[in-house]
Amino acid sequence: MSTGDRLLDIFQEETLERLDNIETGLLQLENSTAELTPELINSIFRDAHSIKAGSNLLKLTVIEELSHKLENVLELIRSDGLVPTELIITASLESVDKLRSLTEDVLDSNTKSIRLQKTMLEVSVQRALAGEN
């Protein structure tokens with residue numbers, strides 16, 4: 001999976017690890033909504049934030065944009081008490097899958113569409129705020 005660029009290779013390796021951590025954390029949220037701990041949410045948020053920051057530095061705009069959207073959803077859960085509904089978890093996991101795909105194909109990531117994942121995140125938050133599951 002080497003890109004031939006040392007910085008991109010490091011970014012790929014670290015990002016794939018962070019995405020695994022985010023996925024594990026989201027699955028824990030899904031299976032134990034009653035046990036929503038600040039530590040778990042903060043950990044997931046930090047990983048998303050780190051992906052966003054790294055992709056920004058490397059001018060990987062599509063990865064940055066999607067990780068920023070995911071980070072925003074996690075921030076709403078973290079600070080505003082948004083309940084992570086099944087739809088929010090599903091949309092977030094779909095975003096993680098897309099971020100993984102983009103990271104694995106990092107050299108072409110800026111040419112890929114993330115419209116579906118962004119829309120899923122937006123709709124899931126709107127529905128949760130409206131009290132819908």
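Predicted model: local features only at pLDDT ≥ 70, side-chain atom pairs only at ≥ 80, totals over all residues.
Arg18 belongs to helix H1 (residues 6-31) and Asp47 to helix H2 (residues 38-57), so the bridge ties together parts that lie 29 residues apart in sequence. The two partners can be told apart by their surroundings. Arg18 has a relative accessibility of 26% and therefore counts as partly exposed. Asp47, with a relative accessible area of 9%, falls under the 20% limit and so is buried.

Another of them joins Asp20 to Arg100, whose closest N and O atoms are 3.1 Å apart. Here the link runs between distant parts of the chain, from Asp20 in helix H1 to Arg100 in helix H4, across 80 residues. Asp20 is partly exposed, at 38% relative accessibility, while Arg100 is buried, with a relative accessible area of 15%.

A further salt bridge pairs Lys52 with Glu71, and the closest N and O atoms of these two residues are 2.9 Å apart. Lys52 sits in helix H2 and Glu71 in helix H3 (residues 61-80), so to speak a link between distant parts of the chain, 19 residues apart. Both Lys52 and Glu71 are buried. Turning back to Asp20 and Arg100, these residues form one network with Glu23 and Asp97, joined by salt bridges that share partners.

The axes of H2 and H3 come within 8 Å and cross at roughly 155°. Because this angle is over 145 degrees, H2 counts as roughly antiparallel to H3. The crossing of the two helices is left-handed. On the H2 side, the contact is made by Ile41, Asn42, Ile44, Phe45, Ala48, His49, Ile51, Lys52, Ser55 and Asn56. From H3 come Ile63, Glu64, Ser67, His68, Glu71, Leu74, Glu75, Ile77 and Arg78. Taken by residue class, the contact of H2 with H3 is made up of eight nonpolar, six polar and five charged residues. The salt-bridge partners Lys52 and Glu71 are both among the residues of this contact.

Thr15 is placed in helix H1 and, at 3% relative accessibility, counts as buried. Leaving aside residues up to four places away in sequence, Thr15 touches Ile51 and Thr103. Of these, Ile51 also takes part in the contact of H2 with H3.

Ser95 lies in helix H4 (residues 86-104). With a relative accessibility of 0%, Ser95 is buried. Beyond residues up to four places away in sequence, the contacts of Ser95 are with Leu66, Gln117 and Leu121. The C-alpha atoms of Ser95 and Ile114 are separated by 8.5 Å, and the two residues are 19 residues apart along the chain.

Terms used
Residues numbered from 1 in each chain as written. Heavy atoms only, no water. Helix = DSSP H or I, 4+ residues; strand = E, 2+ residues; numbered from the N terminus. Buried < 20%, exposed > 50% of the residue type's maximum accessible area, 1.4 Å probe, protein only. Contact = heavy atoms within 4.5 Å. Salt bridge = Lys/Arg side-chain N within 4 Å of Asp/Glu carboxyl O. Axes fitted to C-alpha atoms, helices over the stretch in contact; angles between N-to-C directions. Parallel < 35°, antiparallel > 145°, perpendicular 65-115°, else oblique. Left-handed = near helix turned anticlockwise from the far one by under 90°. Nonpolar A, V, L, I, M, F, W, Y, C, P; charged D, E, K, R; others polar.
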